[in-house]
Amino acid sequence: MTTVSRIAPEVEWARRLLAGDESAFTPFVESFQHRIFQYTWLMCGQREDAEEVAQDTLLKIFESFDQLEDPERVKAWVFRIAKNYCLMKRRKSVFAPDRELSLDELLPGQEGDRPIQVADTSELPEGRVLRQELSEELERAMRALPDTYRSVVLLRDVEDLSTADTAEVLDLTEDTVKQRLHRGRLALRKSLAAYVEKAQ
């Protein structure tokens, strides 16, 4: 009996590239290009910076592709490179914020003990418009998170990296990743709840 294993396409393309198969180049780039830009856009906060960082990241990936030791972990390897370029860009960018927000500034529960509830907008007559607005609000809320939370939420919830891979990319322990993910999600929920309350 033959066992059919599911291999992520990017893993297969990485294997082929390491074996010298140049035909894997285009699908590999296409699979990561948008995701890297989305990550750098939300991490850098400025389109100009994000485009430059995404381009630098892709160049670095192919310059150092022979350093990829385990094709199974190509996703974490790619986002580790993207993270490093984002950090370098943040240090040099004219768009860098004057100050970083404290980790505690966005914690929920600071304004009373009322529980946070996000309304279900799918039943509203203007559902489509509200969903679009909510999507835009979510992106805004993601960009407003401190880097320490945003980077974890992006890798875990948007890129679907495991806790272990996220910890490796960000040089954190798994417990720290879990804690920051929890706090980041709570901060997002608080931000979105405030938006929904205002919209009602």
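Author: From the N terminus on, the elements of the protein run α-α-α-α-α-α-α-α, and the protein has 8 helices and 0 strands. This is a predicted model, in which local features need pLDDT of at least 70 and side-chain atom pairs count only at pLDDT 80 or more, while totals for chains, interfaces and linings use all residues. Residues are numbered from 1 along each chain as its sequence is written, and side-chain values use heavy atoms, with hydrogens and water left out.

Reader: What makes a stretch of the chain count as a helix or a strand?

Author: Both are DSSP runs numbered from the N terminus, a helix being H or I over at least four residues and a strand being E over at least two. Helix H3, for instance, covers 47-63, and Thr-57 lies in helix H3.

Reader: Why is Thr-57 called buried?

Author: Buried means under 20% relative accessible area, exposed means over 50%, and partly exposed is in between, all with a 1.4 Å probe and protein chains only. Thr-57 has 0% relative accessibility, and therefore counts as buried. Leaving aside its neighbours within four places in sequence, Thr-57 is in contact (heavy atoms within 4.5 Å) with Ile-36, Val-78, Ile-81, Ala-82 and Tyr-85.

Reader: Why does Leu-42 count as buried, and which residues does Leu-42 touch?

Author: Leu-42 has a relative accessible area of 6%, and so Leu-42 is buried. The place of Leu-42 is in helix H2, and, not counting residues up to four places away in sequence, Leu-42 touches Glu-139, Met-142, Arg-143, Arg-150 and Leu-154. The C-alpha atoms of Leu-42 and Arg-140 are separated by 8.8 Å, although these residues are 98 residues apart along the chain.

Reader: What makes Arg-16 partly exposed?

Author: Arg-16, found in helix H1, has a relative accessible area of 26%, and therefore it is partly exposed. Not counting residues up to four places away in sequence, Arg-16 touches Asp-21, Ser-23 and Ala-24.

Reader: Why is Asp-160 called exposed, and what is its phi?

Author: Asp-160 has 60% relative accessibility, so Asp-160 counts as exposed. The place of Asp-160 is in the loop between H6 and H7, and its phi is near 60 degrees, a positive value in a residue other than glycine. Asp-171, in the loop between H7 and helix H8 (174-199), has a positive phi of about 55 degrees although it is not a glycine. Asp-171 has a relative accessible area of 53%, and therefore it is exposed.

Reader: How do you know that H7 is mostly covered?

Author: In H7, 6 of its 8 residues are buried, namely Thr-163, Asp-165, Thr-166, Ala-167, Val-169 and Leu-170. For the protein, buried residues make up 40% of the 200 residues. H4 has buried residues too, including Trp-77, Phe-79 and Cys-86, and what covers the buried residues of H4 includes H1, H2, H3, H6 and H7.

Reader: What makes a space a pocket, and which residues line the second largest pocket?

Author: On a 1 Å grid over the protein atoms alone, a pocket is an open set of points where a 1.4 Å probe fits, with protein on both sides within 12 Å along at least five of seven lines, and lining residues have an atom within 4 Å of a point. Tyr-39, Met-43, Lys-83, Leu-87, Asp-147, Thr-148, Ser-151, Leu-170, Leu-172 and Arg-180 line the second largest pocket. About 160 Å³ of space lies there, a volume being the space filled by probe spheres set on grid points that are joined across faces, edges and corners.

Reader: Which helix gives the most to this lining?

Author: H6 gives the most, with 3 residues, while H2, H4 and H6 each supply at least two.
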